[in-house]
Amino acid sequence: MSETELSVICKNCGSEVSPYVTECPYCGARLRKRAPKLERRGDGFEPKPGRSPARRLFRLRLPRAAAGAAGAERPYATIAAIAAPAVLLLVGQAGGITLTDLGAAVVPLAGGEWWRALAAPFVYSDVGYLFVVALALAIFAIGVERRLGTLATAILLLACGALGTLAASGVASARDEVVLVAGGNGIALGAVAAWFALRRAEARGAVDQDYDPIAVAVAAAVLLALPVFESSADVFAGLAGGAVGGISGLVAARLRP
């Protein structure tokens, strides 16, 4: 094997070590979760090319302890969060049913219409809005579900959507405004925040993060900008949903082994 180049600095002791080791030989600090894969080239071995930032974003790697159990399950909660709004949108447009009849919330909510806080995040006014949210869920919510399980993810997504709608209702009441709130921008931002909290906890202490924070920030920015282009998407519902997802992700990261 050809002599490796010392190009990695240990964050614990500051020593320069080989980029192909998992632990610092001087202080024993963990540098990465696993050594890079090598491939034969000529008479020696060289590391395989790394993944691009885009591929890192889409690669939702599981912890070794949970990969066997969770990896075999289908992401039913994520599928339901995408399929149910698609069916409602199709039924509404085919039958000429209004958004409020499907469950959209006119905030501030009246006393007997609190059920709309659960229904409104799954009601969409057009395909474009649904496509953006569904894409974010497909990228991030599946990773959350594989880490936390179907039931916990379903509760998380419902909480992000419902509490987001209630937050929008509270803001509208304080401003003495009447606003139509529909769509799952709060659910999508909650999934992004929860995934980032869980993934960041997994990557803590490793040299290679294996995900691109800039790409995550861009996805969150797109979801935050949805109210500019879609009148039924509420900015306060999105912010509240993202906060719920982020806090839940931090708590789950601490409770997980």
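Predicted model: local features only at pLDDT ≥ 70, side-chain atom pairs only at ≥ 80, totals over all residues.
The protein is built from eleven helices and six strands, and 40% of its 257 residues count as buried. When contacts between residues at least 6 apart in sequence are considered, 71% of them join residues at least 24 apart. The exposed surface comes to about 13700 Å², of which carbon and sulfur atoms supply 61%.

Against this background the charged side chains deserve a careful look. Side chains of opposite charge can pair when their charged atoms come close. With a limit of 4 Å between a side-chain nitrogen of Lys or Arg and a carboxyl oxygen of Asp or Glu, the count comes to three salt bridges.

One of these bridges joins Arg147 to Glu202, with the closest N and O atoms 2.8 Å apart. Because Arg147 belongs to helix α6 (residues 127-148) whereas Glu202 belongs to helix α8 (residues 185-203), the pair ties together parts that are 55 residues apart in sequence. Both partners, Arg147 and Glu202, are buried.

Glu202 also forms a salt bridge with Arg199, and here the closest N and O atoms are 3.3 Å apart. This second pairing stays within helix α8, where Glu202 and Arg199 are three residues apart, or about one turn of the helix. An α-helix has 3.6 residues a turn, so residues three or four places apart point the same way. Arg199, like Glu202, is buried, and the two bridges link Arg147, Arg199 and Glu202 in a network.

The remaining bridge pairs Arg116 with Glu113, whose closest N and O atoms are 3.5 Å apart. Its two partners can be described separately by their accessibility: Arg116 is buried, with a relative accessible area of 11%, while Glu113, at 28% relative accessibility, counts as partly exposed.

Within α9, the residues Ala215, Val216, Ala220 and Leu223 are buried. These residues lie on the same side of α9, because they cover an arc of only 140° around the axis. At the start of α9, a side-chain oxygen of Asp212 reaches to within 3.2 Å of the backbone nitrogen of Ile214.

How values were computed. Residues numbered from 1 in each chain as written. Heavy atoms only, no water. Buried < 20%, exposed > 50% of the residue type's maximum accessible area, 1.4 Å probe, protein only. Helix = DSSP H or I, 4+ residues; strand = E, 2+ residues; numbered from the N terminus. Contact = heavy atoms within 4.5 Å. Areas by Shrake-Rupley, 256 points an atom, 1.4 Å probe, with all protein chains shown as cover. Arc of directions from axis to C-beta. Polar contact = N/O pair within 3.5 Å; in protein donor to acceptor, adjacent residues only side chain to side chain.
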